[in-house]
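Please look through the sequence and the model below before reading on. The paragraphs that follow begin with a single side chain and then widen to the whole chain.

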Amino acid sequence: MTEAVIPTAPPRERMSAESRRSTVGAFLGYFVDFYDIYLPTIALAPALAYFQPKDLGTVASTTIYYITFVVTLIGRPVGAAIFGHLADSIGRKRTTVVAIGGFGVVTLLIGLLPGYGSWGWFAIVALILLRFVDGVFLGGEYTAAVPLAMERAPQTRRAEVSARIMLGYPFAFIAISALTTLMLFVAPTASGAYLSWGWRVPFFVGALLSVAVLLYFRQVEDDEPAASGSQESPLRALLAKGPNRRSLGQIFLLMTGMWLSLQTAVSMMPGLLTKVLKLPSTAVTVGTMTMFAVLAIVYLGIGRLAERIGRRAVLVLFAALTATVVPVVYWVMIANADPDGGAVGTLVLAGVVVVIANAPWCILSAYLPERFPPEVRASGFGVGYTFAVLIPSCYSFFLLWLDALLPYKYTQIPLVVLGGLLALAGALMGPETRHADLTRGTR
């Protein structure tokens, strides 16, 4: 009988100084990106009445809140297409600098906006338009910065580098949650202070963070445009019939499933816990921050695991867990929630859902660029990663449709299952990429 061969990780290469700088730069960019993404849902949500008439109904107010969040997601694909083309054509670093500067300025402008009392309905229109433009620049930042970091990372450590970059996501969530909680304490909503000025502070901090990232990127070396010798537009080459378009189709399927699972199992979790399951908001805030701290540790472990067993195996494993284990835990959490009996048990189950559904995201910064050759790599990464968010962003409408079939508090479960299955199909369709040579674009 032959013994089973256990995969072993290849020797870990040393990272050069420039690789470390590019990695830190991409991490900082992701941190500011996700910090900015959560500004309307966490920092602005308690003060959205500042931009609305006092007699506005609940449905209209909720719709405005939803639009304010969604327009940012809609802007991201537009930015990915524009800045992905620029990153492949004129260079990753220069494109990253423009994108970061852009959303830094827009974030500052949002923090300076007057409310309904001064501008009437134009206040909310200006907020929505600025959030759209913000999304365009946000979509451009990671589209340029991540491929640059991956191309300079050692081949045997790209998944590990990807996990370090994606730490920007949980760290940003913790930072914006902590800052908003502090501001609500310093400027309570009951006194009107948060409504008039307290919400502005997180936006001003976001603008300052953008300046800090820009200053850091001055240390990162310039890169040569990957498509400089090509007569064809990078975006057109990506969409032309052939291997690039097939790779894009597989990535789109994978990411549609992952975005759908993320939106329904993770993004909705704080609202589900407080509004549906009636847990104390303070307990939910502390619990959610704890979940994301645990997630950061898990990210580092998943990055090492992906170097050992491969990206495809990790994606398949967690997609399968999302389609099977997460729905069961989700159902148990909802069915047994008891706000009067303590929130700890419910928050632990919520943490299991958040960690499992989130875990594979940490290797996407390596896996997606590995699927494309240099001349379309930024375009392929940005378009594949970002355009897939459009359909899952309509999840609130899907929940309303499902409400006719089962209780609303359980409507997330079918969407989580569907997201896991789509991600599983996308992962199985794709090849293993850990040995890809990014200098030649080998698939």
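Does arginine 76 count as buried or exposed? In this predicted model, arginine 76 has a relative accessibility of 3% and therefore counts as buried, given that the term applies under 20%. Its side chain meets that of aspartate 33 in a salt bridge, with 3.0 Å from N to O. Because aspartate 33 lies in helix α1 and arginine 76 in helix α2, the pair ties together parts that are 43 residues apart in sequence. Aspartate 33 is buried as well, with a relative accessible area of 0%.

The structure holds 13 salt bridges, and another of them joins the side chains of arginine 152 and glutamate 18 at 2.7 Å, N to O. Here arginine 152 belongs to helix α5 and glutamate 18 to helix α1 (residues 17–43), so this pair ties together parts that are 134 residues apart in sequence. Glutamate 18 is buried, its relative accessible area being 10%.

A further salt bridge connects arginine 92 with glutamate 151, whose closest N and O atoms are 2.6 Å apart. This pair links distant parts of the chain, since arginine 92 is in helix α3 (residues 92–111) and glutamate 151 is in helix α5, 59 residues apart. Arginine 92 is buried, with a relative accessible area of 1%, whereas glutamate 151, at 27% relative accessibility, counts as partly exposed. Through shared partners, salt bridges join Asp88, Arg92, Glu151 and Arg377 into one network.

The surface also has a nonpolar side. A patch of about 660 Å² is made by Ile74, Val78, Ile82, Phe132, Val133, Phe252, Phe387, Leu390 and Ile391. Helices α2 (58–90) and α5 (121–152) each supply at least two residues of this patch, and the largest share, three residues, comes from α2. Phenylalanine 387 is found in helix α17 (residues 377–387) and, at 30% relative accessibility, counts as partly exposed.

Taken as a whole, the protein chain has 19 helices and zero strands. Its radius of gyration is 22 Å, close to the 22 Å that the globule rule gives for 443 residues, so the chain is as compact as a globular protein of that length. Buried residues make up 55% of the 443 residues. Among contacts between residues at least 6 apart in sequence, 86% join residues at least 24 apart.

Methods. Residues numbered from 1 in each chain as written. Predicted model: local features only at pLDDT ≥ 70, side-chain atom pairs only at ≥ 80, totals over all residues. Heavy atoms only, no water. Patch = residues over 30% accessible without salt bridge, like charges linked within 9 Å, V, L, I, M, F, W, Y side chains within 5 Å. Areas by Shrake-Rupley, 256 points an atom, 1.4 Å probe, with all protein chains shown as cover. Salt bridge = Lys/Arg side-chain N within 4 Å of Asp/Glu carboxyl O. Helix = DSSP H or I, 4+ residues; strand = E, 2+ residues; numbered from the N terminus. Buried < 20%, exposed > 50% of the residue type's maximum accessible area, 1.4 Å probe, protein only. Rg over C-alpha atoms; globule rule 2.2 N^0.38 Å. Contact = heavy atoms within 4.5 Å.
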